[in-house]
Amino acid sequence: MVLNIRQKQTEAVVRLLHLNAPQSALQQAGDDDLYKVLVLDSFTKSVIAPLLRVNELRKHGITMHLLLETDREKIPDTPCIYFVRASEEAVRRIIADASAGLYDSLHLNFTPHLPKPLMEQLATGSVRAGCPQRIAKVFDQYLSFIALESRLFSLGLPDTYLLLNDPKAQDVQVQSASEALVDGLFSVLVTLGVVPIIRCPRGGAAEFVAQQLDARLREHLRLRNNLLMEGTPGLSASLSRPLLCLFDRNFELSVVLQHGWTYKPLVQDLLALSLNRVTVDADPSPGQQLMQHNPTSKQTFEVGEGDFFWDENGRSQFPKVAEEVDLQLQKYKQAVADLNRQTGANVDPNADPGDLMQSNARGLMAAVSSLPELTERKRAIDKHMNLATHMLKEITSRGLDQFYNTEEDCLVKKADLPTILKLLQGGKGTPTDKLRLALVFLLTCEALPSDGDYERVTAALVAAGADTSALAYVRRMRRLNLTGRTGGGAAAGPAGDGALAGLAGQSHLLNWADKTFGQGLSSLTKGVKVLLAGEQQAAVTVAVEGLMDAKPSPELDSFLTFDPKAAPGRASKASGPHKEAIVFMIGGGNYLEYESLITWAGRATPPKSVIYGASDLLTGGQFAAQLAELGRRSGV
């Protein structure tokens with residue numbers, strides 16, 4: 001069995017959009033002729049956003065989607081589907097909508113489930129308002145997670161690391177955070193239809209969440225008609241039950257702080273990738289370049305599965321991505337040239353693909369079947385060329401190749417303090433870039449720097465305008481031996497030596513591609529240090545490999561095992577080897593760690609099926625901000 005979290009969640013959402021019709025009915029139905037309104041809250045909007053676009057929602061009969069928190073007008077004779085998180089405020093808004101008669105009937109879907117107190121509030125409130133007849137059905141939807149790719153998900157819980165490590169946090173806050181984690185993980189397991197064997201290190205948030213999740217699963221499995229019955233599709237198809245490996249972010253901190261050099265981690269770090277969307281400043285067209293450009297003009301691009309370039313090059317190093325953009329552009333131009341020869345048309349290879357579709361060139365209709373695919377490929381090429389342009393400007397202006405190189409040296413214990421100080425005192429890099437480098441150095445050095453060396457690093461950061469609270473907090477963690485593994489690193493790749501400056505000036509995409517990529521990438525790759533791909537792995541990857549292969553190891557043998565199917569009170573024993581695993585990072589993860597796991601899983605013999613998830617997907621800057629806040633709250 002190959003676990004596919006995105007496909008499973010999409011199927012569940014589609015059932016929801018069809019008023020929770022059974023799967024057999026959905027397979028027989030064509031386009032939905034029942035027009036419906038969809039009401040979401042901010043979280044469930046994030047759930048649906050990576051799965052279905054507006055045109056796909058319309059295919060399933062959704063003519064309008066609105067936010068629960070906003071004022072909405074009355075739409076009579078129309079059923080409305082609510083898909084919201086269960087809360088008192090959501091129940092109050094739903095009762096108010098039913099009382100006002102905004103919609104003909106209300107089909108309510110709560111995630112992860114509607115607790116009994118809120119069910120009673122919904123029932124009594126609707127009766128008092130005189131509108132119980134408008135509430136058609138109520139469903140529990142265990143969909144409290146965001147599936148970004150087939151093997152990647154997030155619970156969308158920001159600042160979880162801060163909440164779970166805050167010395168001033170109240171017990172109720174910590175309990176609420178842990179319950180949200182358990183709700184999200186339980187939703188993932190219900191959606192996949194699996195009852196895993198849970199493994200986690202002793203102590204900390206991972207053990208606490210594992211205990212709660214084990215108890216939740218045991219309680220649910222005792223129900224006669226539970227959602228994880230042996231007959232659940234996908235569950236019985238697996239020859240061995242998957243592992244659920246839970247880790248606390250403190251298991252390894254450096255991987256979420258370091259700079260990456262491969263495509264997906266760079267897009268997340270430099271362009272604030274969120275929910276498979278990237279928003280960048282819009283470049284002026286050639287005719288507007290001499291006019292004053294509006295700095296507030298933005299462009300939003302969608303990436304993710306189904307985007308051929310993203311799928312094929314997401315784990316490629318940036319120089320390779322740049323070469324591939326050029327290669328794909330040349331392939332497109334060649335395809336258009338071949339089309340011209342076959343049809344006798346004269347199509348401009350740099351023309352907008354939409355114009356090609358409308359062209360009346362002689363003989364073009366003979367090859368019209370090839371145009372839709374060419375159109376989509378050209379749009380994808382233009383999109384990634386645009387993203388590469390913006391990334392290149394960031395890499396050049398901030399000297400990120402130097403930061404990446406030095407952080408890689410830190411991971412293999414080759415970096416020295418003079419090299420670190422030279423970068424911290426240099427003109428390249430933002431204050432956050434310099435802080436992240438200092439944090440990686442502090443986390444990976446064999447012995448803590450002396451007080452004098454630490455003061456020199458701190459002074460350099462202060463002079464650069466960085467907040468040193470995070471550095472003080474991590475220094476205290478290392479002194480208390482609370483940072484877990486320090487020697488790991490994501491799968492390594494080549495890094496440049498600062499020879500990027502010559503490529504940043506062009507703004508028009510096709511012009512930049514033709515004049516820069518067309519001349520080759522010698523200036524980009526000259527002097528690049530090549531490291532063997534996969535030479536280093538994230539600490540989590542090393543641990544997961546040992547757990548899945550059941551390799552004897554003193555460190556891994558100390559991991560706790562929870563088996564929800566084992567008899568109560570009976571000691572659970574680890575088993576293996578395992579073909580599938582769900583790896584979850586409590587406190588936040590990133591694309592670099594995800595990439596390390598997926599790269600290993602694909603190269604394993606036999607290949608493994610691994611899903612990676614986290615409480616939230618963080619950039620290095622976002623995680624450094626949480627460390628800084630902990631430093632302030634801890635008084636260090």
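Okay, ground rules. Since the model is predicted, local features need pLDDT of at least 70 and side-chain atom pairs count only at pLDDT 80 or more, while totals for chains, interfaces and linings use all residues. Residues are numbered from 1 along each chain as its sequence is written, and side-chain values use heavy atoms, with hydrogens and water left out. When I say helix or strand, I mean DSSP runs (H or I, at least four residues, for helices; E, at least two, for strands), numbered from the N terminus.

The 13 residues of α6 should span 18 Å at 1.5 Å a residue, and the end C-alpha atoms are 18 Å apart, which agrees. The expected span here is 1.5 Å times one less than the number of residues. Which residues of α6 are buried? They are Leu 118, Leu 122, Gly 125 and Ser 126. Seen down the axis of α6, these buried residues fall within an arc of 95°, so they line one face of the helix. Two terms there: buried is under 20% relative accessible area, exposed is over 50%, and partly exposed is in between, with a 1.4 Å probe and protein chains only. The arc is taken over the directions from the helix axis to the C-beta atoms.

On the other side of α6 you'll find Lys 116, Pro 117, Val 127 and Arg 128 exposed. The cover over the buried residues includes α5, β4 and β5 (135-140), where contact means heavy atoms within 4.5 Å. Just past α6, Gly 130 has a positive phi of about 70°.

Now look at α5, residues 88-100, where Val 91 sits. Val 91 is buried, at a relative accessible area of 0%. Setting aside neighbours within four places in sequence, Val 91 touches Phe 110, Leu 114, Leu 118, Gln 121 and Leu 122. Leu 118 and Leu 122 are on that buried list for α6. Gly 125 is 34 residues from Val 91 in sequence, but the two C-alpha atoms are 8.8 Å apart.

The peptide bond from Thr 111 to Pro 112 is cis, with omega near -5°. Pro 112 is in the loop between β4 (105-111) and α6 (116-128).

Next up, α18. This helix, residues 451-464, has 14 residues and reaches 20 Å from first C-alpha to last, close to the 20 Å expected at 1.5 Å a residue. Its buried residues are Tyr 454, Val 457, Thr 458, Ala 460 and Leu 461. They cover an arc of only 160° around the axis, which puts them on the same side of α18. Asp 451 and Ala 463 are exposed on the other side. And what covers the buried ones? The cover includes α16 (417-425), α17 (431-444) and α19 (469-479). After α18 comes Gly 465, with a positive phi near 90°.

So how do helices pack here? Two packed helices are described by the angle between their axes and the distance between the axes. For α17 and α18, the axes come within 9 Å and cross at roughly 165°. The axes are lines fitted to C-alpha atoms, for helices over the stretch in contact, with angles from 0 to 180 degrees between N-to-C directions. α17 and α18 are therefore roughly antiparallel to each other; the cut-offs are under 35 degrees for roughly parallel, over 145 for roughly antiparallel, 65 to 115 for roughly perpendicular, and oblique for the rest. The contact pairs Pro 431, Lys 434, Leu 435 and Ala 438 of α17 with Val 457, Leu 461 and Ala 464 of α18.

A second pair is α10 (residues 263-271) and α24 (residues 591-603), whose axes come within 8 Å and cross at roughly 170°. That makes α10 roughly antiparallel to α24. Lys 264, Pro 265 and Gln 268 of α10 make the contact with Tyr 591, Leu 592 and Glu 595 of α24.

Ala 272, in the loop between α10 and β10 (277-281), has a positive phi of about 55° although it is not a glycine. Ala 272 counts as exposed, at 55% relative accessibility. Another cis peptide bond joins Thr 605 and Pro 606, with omega about -10°, and Pro 606 lies in the loop between α24 and β14 (609-614).
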